[in-house]
Amino acid sequence: FPVTIRRFKGFECDILFAAEKVCWPDSSIASTFPESPTAYRYLNSGVYIGYRDSILSFIDHYIEDSEDDQLFLQKLYLDSLQDDKYTIKLDYENYIFQCCNSINNDLVLLPYKQFVNINTKCCPAILHGNGGVDDKIVFDNIFKQLYPRNIEFIDATEMKVVAPDIIEMDFLTPEMCEKIIKIAEDHGNWKSMYGDKFPGQELRVREFSMELWNALEAHFKNSI
C-alpha cells in the first residue's frame, strides 16, 4: 500500500476516515458535521488509516456489544472537533477511500483498471462495498469490470507429452490469458515461494482470485 500511505501523509492528520454521502445510522446528527466541499460529508467507519498510537488512544472508550460502531466513531469524531488532542479528517474527495453507499454513477472506469470519481475528480485507491441491496449491486457491477467472472476455455482435443509429468494441451483462449496476466500484474507482490527448490518470481492465482482458481481447477479436473 505505498500509494495509500503516501496519500495519507499528505493529509497531515493523525487519523483519516472515509466519507460518504449518507449520515447513517442516525440522520438526526447530520447537521452537526462540518460542511464538505463535496457530496461526501459523513464519517464512515468501514475504512480508515492512521498512526497506531493515535488510533488506540482515540478508540479507548467503552462500547456495548449492542451499539453501532459507526455511530460510536462518529460521536468521537464530532467530540474531537472541540479540542486539539487529535487531528481527525475525513476523505471528502475520495482521494484514498471510495464508499459505495449511494454512489450512483459517480465512478467511471478508466484504461488500465483505474477508477475516477467524476464529481470529486479523484482516483480512489480503495473501494468499500458498503450500503444497501442496490448499492451492493452497483459494487458487484464495478467488481466485474476488474475481475472477469466468465472463464474462456478451449476444448482440449489433443494432448502432447513433453516430458515426464509435463503435458501440453489447449486450455485458455489467448484473450483470457491476457486478462489473467493483466490481473496478476496489477495485483503485484511477485516473490519466491517458500521451500521451492528452484525459486523464481511467482504469484499464486489463489492469492488474487479464489473464484478464478476454483474455476480453473474444476475445468482441469473435469476436462483434462
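User: Why does Tyr48 count as partly exposed?

Analyst: Its relative accessibility is 37%. Buried means under 20% relative accessible area, exposed means over 50%, and partly exposed is in between (1.4 Å probe, protein chains only). So 37% puts Tyr48 in the partly exposed class. This is a predicted model, where local features need pLDDT of at least 70, side-chain atom pairs count only at pLDDT 80 or more, and totals for chains, interfaces and linings use all residues. Residues are numbered from 1 along each chain as its sequence is written, and side-chain values use heavy atoms, with hydrogens and water left out.

User: What makes Phe17 buried?

Analyst: Phe17 has a relative accessibility of 1%. That is under the 20% limit, so Phe17 is buried.

User: How many aromatic pairs are there, and why is the pair of Phe17 and Tyr48 called tilted?

Analyst: The count is nine. The ring centres of Phe17 and Tyr48 are 5.1 Å apart, with the planes at 40°. Rings of Phe, Tyr and Trp (its six-membered ring) pair if their centres lie within 6.5 Å; planes under 30 degrees apart are stacked, over 60 edge-to-face, and the rest tilted. An angle of 40° falls in the rest, so this pair is tilted.

User: Where in the chain do Phe17 and Tyr48 sit?

Analyst: Phe17 is in strand β1 (residues 15-20) and Tyr48 in strand β2 (residues 42-50), 31 residues apart. Strands (E, at least two residues) and helices (H or I, at least four) are DSSP runs, numbered from the N terminus. Ring pairs also join Phe17 and Tyr48 with Phe58 and Tyr86 in a cluster.

User: What makes the pair of Phe171 and Phe220 edge-to-face?

Analyst: The planes of these two rings stand at 70°, and the centres are 6.3 Å apart. The distance is within 6.5 Å and the angle is over 60, so the pair is edge-to-face. Phe171 lies in the loop between β9 (166-168) and α5 (174-187), while Phe220 is in helix α7 (residues 210-223).

User: How do you know that Arg7 lies over the face of Tyr95?

Analyst: A charge sits over a ring if NZ of Lys or CZ of Arg is within 6 Å of the ring centre and within 35 degrees of the ring normal. Arg7 is at 4.6 Å from the ring centre of Tyr95. Arg206 sits over the ring of Trp213, 5.0 Å from its centre.

User: What makes Lys21 and Asp106 a salt bridge?

Analyst: Their closest N and O atoms are 2.9 Å apart. A salt bridge needs a side-chain nitrogen of Lys or Arg within 4 Å of a carboxyl oxygen of Asp or Glu. The contact passes that test, so it is a salt bridge. Lys21 and Asp106 are 85 residues apart. Asp106 is buried, at 5% relative accessibility.

User: How many salt bridges does a search of the whole structure find?

Analyst: The search finds five. Among them, Arg41 is joined to Glu35, with the closest N and O atoms 3.6 Å apart. Arg41 is buried at 14%, but Glu35 is exposed at 64%.

User: What makes the contact of Asn130 and Glu20 a polar contact?

Analyst: The distance is 2.9 Å, between side chains. A polar contact is a pair of N or O atoms within 3.5 Å; within protein, one must be able to donate a hydrogen and the other to accept it, and residues adjacent in sequence count only if both atoms are side-chain atoms. Asn130 is buried, at 11%.
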